[in-house]
Amino acid sequence: MPILPTEIIKLKRDKKELSGAQIKEFVDSYLGGEVADYQMSAFLMAVFLNGMSKKETLALTQAMLHSGAILDLSSIAGSKIDKHSTGGVGDKTSLILGPIAAAAGVVVPMISGRGLGHTGGTLDKLESIPGFSTQLSLEQFKEALGRFKICFIGQTKEICPTDKKMYALRDVTGTVECIPLICASIMSKKLAEGIDGLVLDVKVGSGAFMKTLKEARTLALGLSEIAKGAKKKISVLITDMNQPLGKAIGNSLEVEECLDILKNRGPKDLRDLSLELAAHMIFLGGKAKNLSYARNIAEEILVSGKALRLFEEVIQAQGGRLPVPHAKQTRSVVATRSGYISRIETEKVGIASLLLGAGRKRAEDSIDPTAGIILHFKIGDSVKKGNALATLHYNNEKPVDGVEDLLLQAIDIRLQKPKTPRLILEKVGR
């Protein structure tokens, strides 16, 4: 007998395990309109508070995966390898590693998402490029993959339509930081791409959804189990997000920083992580006999300019025009004391960028593509009183004073020099 949506919500509220059939029925009913947004929001909060078993998480992933089409990319020669990050502040590696891996001969079908909470989204970054279209049909997507071996698009109506609706709700209902929901969202989309393998970058720290290494390991293992169950190759890296990655936070600013890296300059941490993730993609894609050789291939492609040229071709093919625009106004945030940058509350930095217009407070909010922040120092750097800690880029005067105060709260300056944090903390199998 069909079970009422309210009863499924109550079961999860009361910490009962749902069957696969119950989860599928609830997900299908949400897509069909029989379950309202407020009911799905209640379900998401119940899952957030009470968790899901491995069986439930797999069932949710399968229900979301089969709510839409599953791509068949068998007509395109080569291994199909994608990369996904769990989200962080200034995390823009996809725009760098994608062209590197594609230039190495790996097929990179990048179906990306928008920003969640204080973190940015690949689609929002790409759409800050004037004219760039991420809304391609699946046929156009396949055609671009055959031509360039890489294409960037958003979720289409055909692929995981339920996830697209749930994703927007999670962003505005405080249910983002939930391991079963993260696992189901990531893996349903990635499995729907028709990939052979996946490289995952699980972020941990003050700017990530996973605040502790224990949480990050749990998420990494959960994602790995789903991938292995689907017989997909996988590499998982756990990486530091106790400070923003690179220096740019905000969509057009981050695109500009990615172009700098592809021109063989720019922040070292962003360059190093992009190369490491690209190397794992090249290795999983069968283009190198081991990771060491794959790293050499990735670096040669970056230094030679091959990845830059490919990225520029993809931008042009998807309607984009460089250079990216800039905000009308800037303001410096200066240090109030001398010392060393000892700690950065990275989530506050992400929120500061959001308040300038670079992110969304509500699902229906529009983004200012040029708003954001450039940080001038990293943890461990020496700073003098009066030095510019950051530069704000904005078009709306109203929130700037509050943003400046928030940044000063987020950046801790002390007399003793701290240890420089490691960027790559762990690798979870292959």
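Predicted model: local features only at pLDDT ≥ 70, side-chain atom pairs only at ≥ 80, totals over all residues.
Which residue in E12 does arginine 343 stand opposite? The residue facing arginine 343 is aspartate 412.

## The three-strand sheet

Strands E10, E8 and E12 form, in that order, an open sheet with antiparallel pairing. The edges are taken by strand E10 (382-383) and strand E12 (411-414); each has a single partner strand, so one side of each is left without a neighbour in the sheet.

E12 pairs with strand E8 (residues 339-344) in the antiparallel sense, over 4 bridges. Helix H16 (residues 400-410) packs on this sheet and touches both E8 and E12. The direction of H16 makes about 45° with that of E12.

## The four-strand sheet

A second open sheet is built from 4 strands in the order E1-E4-E5-E13, and its pairing is mixed. Its edge strands are E1 and strand E13 (424-427), each of which pairs on one side only. Ignoring direction, neighbouring strands here are turned by 20° against each other on average.

Threonine 239 stands opposite isoleucine 424 of E13.

Helix H9 lies across E1 and strand E4 (197-204). Relative to E1, H9 runs at about 160°.

## Cavities

Rolling a probe the size of a water molecule over the atoms shows where empty space is left.

The largest cavity is lined by 31 residues. Those closest to its centre are His84, Ser85, Thr86, Gly87 and Tyr167. By class, the lining consists of 14 polar, 9 charged and 8 nonpolar residues.

## Elements around the largest cavity

Which elements give two or more residues to the lining of the largest cavity? They are two strands, E1 (81-85) and E2 (108-112), together with three helices, H6 (122-126), H8 (161-172) and H9 (179-192). H9 gives the largest share, 5 residues.

E1 is one of its edge strands, and H9 lies across E1 and E4.

Conventions: Residues numbered from 1 in each chain as written. Heavy atoms only, no water. Pairing = 2+ DSSP bridges. Contact = heavy atoms within 4.5 Å. Axes fitted to C-alpha atoms, helices over the stretch in contact; angles between N-to-C directions. 1 Å grid on protein atoms, 1.4 Å probe; cavity = no way out; pocket = protein on both sides within 12 Å on 5 of 7 lines; lining within 4 Å. Nonpolar A, V, L, I, M, F, W, Y, C, P; charged D, E, K, R; others polar.
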